[in-house]
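Hi there,

Here is the structure I promised to pass on to you. Have a look at it first, and then read my notes below.

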Number of protein chains: 2
Amino acid sequence: MPVTIYDVAREAGVSMATVSRVVNGNPNVKPTTRKKVMAAIERLGYRPNAVARGLASKKTTTVGVIIPDISSLFYSELARGIEDIATMYKYNIILCNSDQRLEKELQLINTLLEKQVDGLLFMGADIKEDHLDTFSTASVPIVLAATRDPDSLLPSVTINHFQAAYDATQTLIERGHKRIAMIASPPSDPLAGLLRFEGYKQALHDAGLPLHDELVTGGNYFYQSGLNAMNSFLQLAEPPTAVFATSDEMAVGAIHAVQDAGLRVPDDIEVIGYDNIRLAEMVRPRLTTVVQPMYDIGAVAMRLLTKYMNNEHVDDHVVQLPHRIEFRESTRTENV
Amino acid sequence: MPVTIYDVAREAGVSMATVSRVVNGNPNVKPTTRKKVMAAIERLGYRPNAVARGLASKKTTTVGVIIPDISSLFYSELARGIEDIATMYKYNIILCNSDQRLEKELQLINTLLEKQVDGLLFMGADIKEDHLDTFSTASVPIVLAATRDPDSLLPSVTINHFQAAYDATQTLIERGHKRIAMIASPPSDPLAGLLRFEGYKQALHDAGLPLHDELVTGGNYFYQSGLNAMNSFLQLAEPPTAVFATSDEMAVGAIHAVQDAGLRVPDDIEVIGYDNIRLAEMVRPRLTTVVQPMYDIGAVAMRLLTKYMNNEHVDDHVVQLPHRIEFRESTRTENV
DNA sequence: CTGTTAGCGCATTCAA
DNA sequence: TTGAATGCGCTAACAG
C-alpha cells in the first residue's frame, strides 16, 4: 500500500535511480528532472523507507545508547547532551535502560548490534571482561560516557574524579576542619567511586590529617542513603564538622539529617556535594558542590562517536573534561 | 565480512530457510537439525541482521517516542515507564526530544515514520491540527501520553486534571483558607493547564469563595518561576495564606520564597504541589502534592500501544488514571 | 520436516 | 545526465 520509489519513478516518468538521486541530494541531476521528481514525490506523499535504505547502504543513522536509568537526575541530563549532538549530526538514538545489571547490559549490546546501529554509547559504572568481550564482537565504534574501562582501551569521556574529590576535601580542610566525613560511593562503582575515595584520602594525608574509619560510610547515590549516613555520623561520640558526599542527592539528604537534628548547615556542619544536578539549587541552603558537567560529558561522548563513525581523526581517545567547585550556601564564605 | 544466514546454512549443511526457522523459534524443525544449526550459529558467531529482517517482515520491533525534554524530572520518569513496558514486549524505543517546538515535532514524526517504527508514542502539551494531519499519514498506531488532542480522537493516557486541581484546591479550602493563590501553567499548555485552572476556579466557586485575579499567576513549571510567583504574592497588600502550584518544582520554589522571607511553611502559608516527582520528598518541609502517576502513565500508554500494534481489542481509547493527594508536611495535619 | 523461490525498498555500480 | 541491473540479508509462501 505505501508508495515506493518505483511509484515515484513511474509518476515522474524517470527511473528509480534518478529518484534515488534526488532524494539523496546527488548533484548529478538536471534541474528540470529534479523538479519533476520533487513534484511527483509531493503528489504521492512519498516517504523514503529508511529500513530498505539501511539494508542497501549498510548505514542506519542510528546509534545505540545504554544507560543505567533514564529517570535518574544524573543520567537524564547526560542523555540530553547525547541526544542533542546526535540530532545535530542527523543520528537518532535507541535508548535502553540497563539498571547496571551485567546480564541485561550484555544482552542490550547484542540487541543493538543486531539492529545495525552505526555506533554505541555505553554508560554504567563497572566495565568487566564480559563487556570487553562483547564489545570486541562489534564492527562499529563504541564510546564510554561517564565511565572508563580499567585499562582505558576504549574511548571514554569522564572527569578526573580523583582530583575532583581531592579538591572538594581540600576545600573543607582549608576551612579548618579536622573531622571531615565522607559519604562514599557504593562498591558497585569500583572505578569512579574508588577514585573519589582515593582523592579524599590523599587530601587528608597531604594535610597531615588522620583518616578516621568511622567517618567514611558507603551510600548508594540516593537521597535516603545520604540522610541515613549523616544520621549515623551524628550519633558518633565526636561527630564530623564537615561532610563530603559523592552525589548531590546524598549531600542534600545529609543536610536534612543535620537540620532534622536541630543543627544548622553550614554553621554547625558544612556540606559539599558532587555532580551539580539541578537539585543543588532547589534546597535551602543551596548546595556547594563539585560540578560534573553531565550535559557536556554526553555531548562530547556523542561527538567523539560521530568522529569514529565518520573515520575522522581523533587525537586522544580518553578525554577528561574539566571540573570545578560551585560555591553556594552549604559551605561558609570565610574560613573558620 | 559479517556472517550471514547463508554462511550458517552452509556450515550446518541445511538451507537458509531452516536456519531462519530455528532463529525464529519455529517449532517445525527436527531437534537434531536444530542442534546442528545452533552449533553452527555458535561456531560462526552469527548475529541476525534486524534491518534485513525488518525489510522482509515489515516489522522493526521498534517504537518511536517523542518527548519534550528527557532531562525533565517529570518526563524522564514517564520515559522509564515507557521503556520498561516496551522491553517487556520486546520492543526498543527511539527517543527524540522535541522541546515542544511544533516544527521539530512534525519533523520527528516524519523521521520516525521513515524509520518504519511499529508505533508512535507522543508527549507534548499542545496537539494542533498540524499534528493530526501528520499523524493521519501514518499507517502505524499512535498513542498520546500525558496529553490529549482536543477532540479525543487519538488514544491517550492522562489523569483527570480538572478533578485533581479541584481536589487540591478543596483540600486548602477545607483548612479554612479564604485567600488561596494559584501558580498556574503556562499558556503553552492550553489543555492540561487550562483544566487545572478550571478545577481551581470551580472549587472556589463551589465553596462560595471569590476568585481574586491578583492571586493567580502563570509559571513555566520550573523552580524559579514558582519562587518568583510567590515573591510577588508576598508583596501583595493581602498575601495568600495558601498556595496551589501546578508543578512540584514551582511549589518548592514557592516554599523557599516563603522561607526566604522569614515566614514558615505550613504555619504561615500552606503549599500544595502537583506531580509528586521525587523532589517532593527531598525538601523541608516535605511537599504535600497531587500524585500524578508518571511512571504508570508511560507504562499504560506503552501497553496500550502494544495492543494496537498487535491488533488486540481495546475497550476504551481514552484512559484516565486515578490521582490522589499525598499529604506531607507542607500542609498542616489539622484544619485551622 | 525441509528446500526453493520471490520479493521487501532502496543504493550503487556500470553502461550508455 | 540517465537507466538497467544487481544485491543488501532476511521472511514467507509454496512445493515436496
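One term before we start: a residue counts as buried under 20% relative accessible area, as exposed over 50%, and as partly exposed in between. Please also keep in mind that this is a predicted model.

Let's begin with the salt bridges between the chains. B:Arg284 pairs with A:Asp260, and their closest N and O atoms are 2.8 Å apart. This pair crosses between chains: B:Arg284 sits in the loop between strand 9 (270–275) and strand 10 (288–291) of chain B, while A:Asp260 belongs to helix 11 (residues 248–260) of chain A. Buried or exposed, or in between: where does B:Arg284 fall? Its relative accessibility is 22%, so B:Arg284 is partly exposed. A:Asp260 is partly exposed too, at 48%.

Another salt bridge stays inside chain B. B:Arg332 joins B:Glu270, with the closest N and O atoms 3.7 Å apart. The two are 62 residues apart, with B:Arg332 in the segment after strand 12 (324–326) and B:Glu270 in strand 9. B:Arg332 is partly exposed at 22%, whereas B:Glu270 is buried at 0%.

There is also a network of salt bridges that links A:Asp69, A:Asp99, A:Lys104, B:Arg80 and B:Asp84. Over all chains, the count comes to 38 salt bridges.

Next, the domains. Chain A is divided into domain 1 (5–48), domain 2 (60–159 + 294–323) and domain 3 (161–291). The centres of domain 2 and domain 3 of chain A are 29 Å apart, taken over C-alpha atoms. Their contact takes 10 residues from domain 2 and 14 residues from domain 3.

How much area do domain 2 and domain 3 of chain A bury between them? It is about 1,000 Å², with 66% of it on carbon and sulfur atoms. A:Leu73, A:Ile159 and A:His323 supply 48% of the area that domain 2 buries against domain 3, more than any other three residues. Across this interface there are zero salt bridges, but two residue pairs are in polar contact. The side of domain 2 that touches domain 3 has six nonpolar, one polar and three charged residues.

Enjoy exploring!

Note on methods. Residues numbered from 1 in each chain as written. Chains lettered and ligands numbered in written order. Predicted model: local features only at pLDDT ≥ 70, side-chain atom pairs only at ≥ 80, totals over all residues. Heavy atoms only, no water. Domains from an automatic or database assignment. Contact = heavy atoms within 4.5 Å. Buried area = accessible area lost by both parts, 1.4 Å probe. Salt bridge = Lys/Arg side-chain N within 4 Å of Asp/Glu carboxyl O. Polar contact = N/O pair within 3.5 Å; in protein donor to acceptor, adjacent residues only side chain to side chain. Nonpolar A, V, L, I, M, F, W, Y, C, P; charged D, E, K, R; others polar. Helix = DSSP H or I, 4+ residues; strand = E, 2+ residues; numbered from the N terminus. Buried < 20%, exposed > 50% of the residue type's maximum accessible area, 1.4 Å probe, protein only.
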